[in-house]
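Try each task with the viewer open before you read the solution.

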Amino acid sequence: MQSSPEPLTILIAEDSAADRLLLSTIVRRQGHQVLTAANGAEAVEVYSQQRPHLVLMDAMMPVMDGFEAAQKIKQLAGDQLVPIIFLTSLTESEGLARCLEAGGDDFLAKPYNQVILAAKIKAMDRLRRLQATVVEQRDQIARHHDYLLNEQRVAKAVFDKIAHSGCLSAPNIRYLQSPYALFNGDLLLAAFNPAGDMHILLGDFTGHGLPAAVGAMPLAEVFYGMTAKGYGLAQILREMNAKLKRILPVDMFCCATLLSMSFQRCTVEVWNGGMPDGYLHDSLSGVRTPLPARHLPLGVLTPQLFDDRTEVHPLSVGDRVFLLSDGVIETSDRDDQPFGVERLQQVFSANREPDRLFEDIQQALRDFRGEARDDFSMVEVRLVAPTQLNPPPPVYSDSGQSSPLDWSVSFEFRAQTLKRFNPMPYLLQLLLEVHGLRAQSGALYNVLSELYSNALEHGVLGLDSSLKRDATGFARYYQERNARLDELGDGHVRVHLHVTPQGDGGRLVIEVEDSGKGFDVAKVLARPLDRDRLSGRGVSLVRQLCHQASWSDDGRNARVEFFWEALS
Amino acid sequence: MSVVTEVSPDGQKLTISIKGRFDFGRHQEFRESYEKLNMKPESIVVDLKEATYLDSSALGMLLLLRDHAGGDESDIRVVNSSSDVKKILAISNFDKLFDIS
Amino acid sequence: MSEIHLDLDVLSTLKEVMEDGYPELLDTFLKDSEARLRVLHEERDAEMLSATAHSFKGSSSNMGAIRLAELCGELEQRAKQPSLRDIESLVNEIDSEFAHVRSLCREEREGFHC
């Protein structure tokens, strides 16, 4: 007779002494250790103390019968499987049914057949071991799940530190995001640049969990770092794309919509790579203009092929830009039908109070799906008067001791450079080395940018700003700008900076020259300062923001001055 | 098998057909369909006639295929896309990388 | 109804399994059975009768006392009927069958060598 591969401890509960003796001997001969009990209560007691692997249980016993004992033992075993084989001469099906109901796993008829008994023990033991494996694996999975959750907590804490410099709490921004959006791959960033413009990024990384979150951190660093330095959207986009292309695997990328909203110029610059349509809401007419994706997502194209062209739209105070992630569109109902863009459009049409747009959308989603969901992101940015915003002053990392106070520098940017390079951040960084100028960094940046873009666009490229009289004209203007820039063969913009001490403070003179045809200075200066006109804003702006703005050389040379007092 | 491959008799064209949902579950099969060929085909066709759904993992898989087939030098056509699938490909601007019909 | 008082094949298997414990098994069976028989004679409660007969049936079958087991089986069923008629004659029959089995067991015991 073969004994089982592994010796088990087997409990034999049988009230008939002779049967008990016989069975014990048979089982011992099969290589197992035997425990005995003469009634149900004893069986439960022995089980709870010794925890045998398997139980052979007589059905009819005094004190407590086999069925009740079996139920109690199964309870004590909990998760683990303790196979119970009933010993019975019950041949009626009623008796057998009772065995199963009581939690028995098999039965052995009297007279005992050793071969059958051995086979049943072996089969039951295999099941027992299988159950034990399943329970252990389940516990392992639960432990790993806890580790993963903890790792995500840590990742989120690190990420929140990177994201702290954002301005999502500004009064003109409204947003909705799940607390674990990061791990759905959703990213929402917002920051002021030195001019007081607001940069916003709504992104959606492929994948879920840590792989999606891991790409978000370098992206956020680039976004915040470059925005703070005054880089434009095009440069920031190029840098973000290059970074993601370099560090992410081929099949990972980040869909994103980037906005730059200028409260001084009343414009919004937009770049959408792979995200659902954003919407530009005209507060007067109520019309919502879609802002569709015209670009591939970030991280797909090499730097050489990346397209950083943005669209610029004019805005009035009160106008809003609304962005959403595809979690909204893809919300599905019980039949797996998606919510879709058409239903979203219906919500737009039905919306009476713009301030309640988020609530209307959420309600529509709830009605559609039947339950609330939070794995989508939405953000709405309103154009407000610059005075309503309080961008935090920039933080400087130097000690403030050494400040260059008496110097001049000249730059000449020629055609090839003008095409792809925006010198603003560099010039600004240079000027901010002068501590006295730091308090005016916003005005400085705005004026410099304005003078430079006038010199480039109206001067070198010869664009007519009167094109920008309405929204269509705006679009044509920027298309023309890009086209002429692509074709530019010669031309230049020169920037001269002079810093000199004056009394206890100092003076900065900025001169910007261009190689263009010039303009009728007297005529433009004669126009009243008018903030509501779309065109010709540049000159008004410059005149508002600094001292002594003057034009010479038929408008080809612009000169402005900034002053500062002694620092306390 | 929800990913079916077919190589033209001259070995120059590989056709990969996707049936059902083109999502993360198809990742392994899809990769194997072109990786285990012992020669590089001149052109590749991805047939989505029976594909019911496409998500961002599928877009990622197409990028992997493109990278394997030579990146900017590759010749990949995505054909028989349903209108839903076409919409998804349009939003992600993948028609700038693939010939889509 | 079987005519087998003690199945020799079963006995030889028991001998092989129990080895030196064979006499002890026989003794235990006889002692248990005598106790059960007393209960069968004295007990009036139908459920007790049935349970005891059931138990006796089990151990008899294990020992190869086929006829004895069958008689006990019959008693087990009869005791479940509403009227306890003819129980006494059946119990007596079991009694005499057991007496036969007992003497065969004693013979077995004597004939057993280590």
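**Exercise 1.** In this predicted model, find which residues Phe223(A) is in contact with, leaving aside its neighbours within four places in sequence.

*Solution.* Start at Phe223(A) and look for C-beta atoms, placed from the backbone, within 7 Å. Skip the neighbours within four places in sequence, and you are left with Leu189(A), Leu201(A), Ile236(A) and Met240(A).

Now step back to the core around this residue. The largest nonpolar core has 90 residues, and Phe223(A) is listed with Leu189(A) and Ile200(A) as touching the most other members. Helix α6 (residues 210-229) of chain A gives this core its largest share, eight residues. There is also a second, separate core of 59 residues; Ile10(A), Leu22(A), Met57(A) and Val82(A) are among them.

**Exercise 2.** Work out the strand order of the open sheet of five strands in chain A, and name its edge strands.

*Solution.* Walk across the sheet: the order is β6-β15-β14-β11-β12, with antiparallel pairing. Next, look for strands that pair on one side only: these are β6 (173-176) and β12 (288-291) of chain A. From one strand to the next, the twist averages 15 degrees.

Finish by zooming in on one pair. β6(A) and β15(A) (residues 378-382) are antiparallel and share four bridges. Here Tyr175(A) stands opposite Val379(A).

**Exercise 3.** How many residues of chain A are in contact with chain B, and how do they divide by type?

*Solution.* First count: 13 residues of chain A are in contact with twelve of chain B. Then sort the chain A side: eight are nonpolar, three polar and two charged.

Terms used
Residues numbered from 1 in each chain as written. Chains lettered and ligands numbered in written order. Predicted model: local features only at pLDDT ≥ 70, side-chain atom pairs only at ≥ 80, totals over all residues. Contact = placed C-beta atoms within 7 Å. Nonpolar A, V, L, I, M, F, W, Y, C, P; charged D, E, K, R; others polar. Core = buried A, V, L, I, M, F, W, Y, C linked by C-beta atoms within 7 Å. Buried ≥ 20, exposed ≤ 12 C-beta atoms within 10 Å, placed from the backbone. Helix = DSSP H or I, 4+ residues; strand = E, 2+ residues; numbered from the N terminus. Pairing = 2+ DSSP bridges. Axes fitted to C-alpha atoms, helices over the stretch in contact; angles between N-to-C directions.
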